[in-house]
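I would ask everyone to look at the display first, and then I shall go through a few selected features.

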Amino acid sequence: MLHSILLSLPRAVAVTMAQKFYWNQGNAQNSAEGGLFYLPAVDHSTSTKGGQYMYTYNEEIGIGLTKLLSPIHDLSFGVHCLSFWYYRPNANCDEISVWIEDVTNKNVRKQLWTTLLIDNDNVKQWQFVQTTVAATNYFRISLEAKRKMHGKISNSVAVDDIRLRRGECRTIASCNFNDDLCGFIADTSNVTLRHGFGRVKNVENMNNNDETKYIPPTDSSDEKGLIVYSDFSDIKQETTNILLSDVLKPSKQSCLRFAYFLNGRKRSEISKFKLNLIAIGSSKSASTIFTDNQYSSEWKNKSIPISHPDSSFRFAFEMTGYAAGSIVALDNVKYTEGNCDEVKPPEESAIIKEQSCDFEDGFCSWSSSDSSGKTIWTIKGNENIRNKHPAYDISTRSNSGKYVYFDSSGTADGTLSSKPVKGSGLQCISFWYWINTLHAQYLKFKASVLNSNGADEIQTLFANYHKNSNGWHQTKRTFYTESIYSIAFYAECHQCVIAIDEINVYNGSCPETTTDYVNCDFENENCGFIPQDNDDIIWKRYKTDDVSAENFHNDASDQVYGHFIALDFGSIVNVTGKSRIYSP
């Protein structure tokens, strides 16, 4: 789940003042000075004149420095992406910079971003910036404004929509659409613009006269992924959908790559795909840089060189349907600086073998101990222990595969530790875990980054207290360290089984998550299937022991102990009605 924190200004931050120069909350209409023409006419959050933002103000003519300070974050905070919108209409305005401050030593500061490094940010529009935040000590974020000259109050700048999101920052105007729209703006009031698998409202309109049936397009790079598309299968009139990118900085040379799909009733070609470039702060209308209306049963890939050095700009992907019976789709948008011929796909993150293990051939470089030094984590062998252990491993997806597990008949604790290695900045850990206990109130399970001697916790990566997993679950966490460190899994419980498999540690970013969105054997979870609300008839996920029927057979596991989803009427009397379960 995406973790997001919106700093509610100014309550969630501290404001420091210097020489009567400070951050103030308001807008151009209700500012302390009243009707300031040099402030943004509208805020970024609501795009209204009454919306609020933070702006700099000096009560006297002179220089000064003021800070917006975030709350203090501890070592478990991990890697996040800081983003915000700022308004700085000319080069004489206050400088803006972002710093990390070590709260244990006020002299330790690290600058993450500054307007001094921006070639051209002097536009009278809100502009977007993001930067990755990571630290190895207690820290806070300082958003600073500096008035460098004995200037006018019209030198003020403004900021709005400060956000912290878990994980590294994504490339602006780039998206594979498998999780969300990545900052692209869509008109949600138009029901024909969808984010999904290519399903359409009226399939019959999509079929051809030669009885060729319509087949929805799969994701252009991942058959289980999602796409953005316009469903023009049942429109009654000409319909246009637009997907807008973030605002981009002026660029002398950059490249936009994307995949698009047009299809429908053959020989009709009643839809069009178009790409427009919109200059920010210009009275000119959008310029069309690409268009296509030729149908194909395959995805088309396009690379377009961009040169727009005079002002900021944004892209508008435009999809138009003229009559019922077509689909237009978009996927894998990638915007990068440089010439299109020089743009190379990102390299895969390098795996750190000393800390990775699938446990098929033992513990690899991992070791096990409890509080008394006794080995307690065990490699699962070929014995049949599926009554209370996972029925299969992750590496081989079979009963013959192996994983490491912690099995406690009473109250016990145990630690699974990796070999110490030297950190290299941003790194990622990916692992699968499985928890089964009848006494969840005593359960503690967490993963941590430890210092060189293994005694002190640098960062908590993951924690599960008092909760069964109901099957295998995958977790990925990004962390930051430049010193020698190790990773430890700690378990403490009463009459429980905790299993771990496929531990992989990488340099840099985590590989993208692959999820099977439609097919489900219900062994791990509900896979996104959602039951319709009904007080009397309720779909639930069961094991055989949970339902009134005896020896219910599960096809996926070919055993009676597998999981399934069902309606159990064994304990209900005189119920009428209906209940549906919806796929993702």
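A disulfide, meaning a pair of cysteine sulfur atoms within 2.5 Å, links Cys357 with Cys364, and the S to S distance is 2.1 Å. About the S-S bond the angle is 105° in another link, to which I shall return; for Cys357 and Cys364 the value is 75°, and the link is right-handed. Cys357 is buried, at a relative accessible area of 4%. The term buried stands for under 20% relative accessible area, exposed for over 50%, and partly exposed for what lies in between, using a 1.4 Å probe and protein chains only.

Before I continue, a word on the source. The model is predicted, so local features need pLDDT of at least 70 and side-chain atom pairs count only at pLDDT 80 or more, while totals for chains, interfaces and linings use all residues. Residues are numbered from 1 along each chain as its sequence is written, and side-chain values use heavy atoms, with hydrogens and water left out.

How many disulfides does the structure hold? There are 3. One of them connects Cys255 and Cys340, with 2.1 Å from S to S. This link is right-handed, with 105° about the S-S bond. Cys255 belongs to strand S16 (residues 251-264), whereas Cys340 sits in the loop between S21 and strand S22 (367-369), so the bond ties together parts that are 85 residues apart in sequence. Helices (H or I, at least four residues) and strands (E, at least two) are DSSP runs, numbered from the N terminus. Are these two cysteines buried or exposed? Cys255 is buried at 0% relative accessible area, and Cys340 also counts as buried, at 9%.

A further disulfide joins Cys493 to Cys496, with an S to S distance of 1.6 Å. Cys493 is buried at 1% relative accessibility, and Cys496 is buried with 2%.

Let me turn to the sheet that contains strand S16. Here 5 strands form an open sheet in the order S13-S14-S21-S16-S19, with antiparallel pairing. Two strands are said to pair if DSSP finds at least two bridges between them. Which strands lie at the edges? They are strand S13 (193-196) and strand S19 (300-308), each of which pairs on one side only. On average, neighbouring strands of this sheet are turned by 30° against each other, direction ignored; axes are lines fitted to C-alpha atoms, for helices over the stretch in contact, and angles run from 0 to 180 degrees between N-to-C directions. Within the sheet, strand S14 (residues 227-231) and strand S21 (residues 326-337) pair in the antiparallel sense over 4 bridges. The bridge partner of Asp231 in S21 is Ile327.

My next example is Asn27, found in the loop between strand S3 (21-26) and strand S4 (53-58). Asn27 is buried, with 2% relative accessible area. A polar atom of its side chain lies 3.3 Å from the backbone oxygen of Lys49, and the backbone oxygen of Gly50 also lies 3.3 Å from a polar atom of that side chain. Beyond its neighbours within four places in sequence, Asn27 has contacts (heavy atoms within 4.5 Å) that include Leu39, Tyr53 and Tyr55.

Finally, the whole chain. The protein chain has 1 helix and 34 strands, and buried residues make up 47% of its 584 residues.

Note on methods
A polar contact is a pair of N or O atoms within 3.5 Å; within protein, one must be able to donate a hydrogen and the other to accept it, and residues adjacent in sequence count only if both atoms are side-chain atoms.
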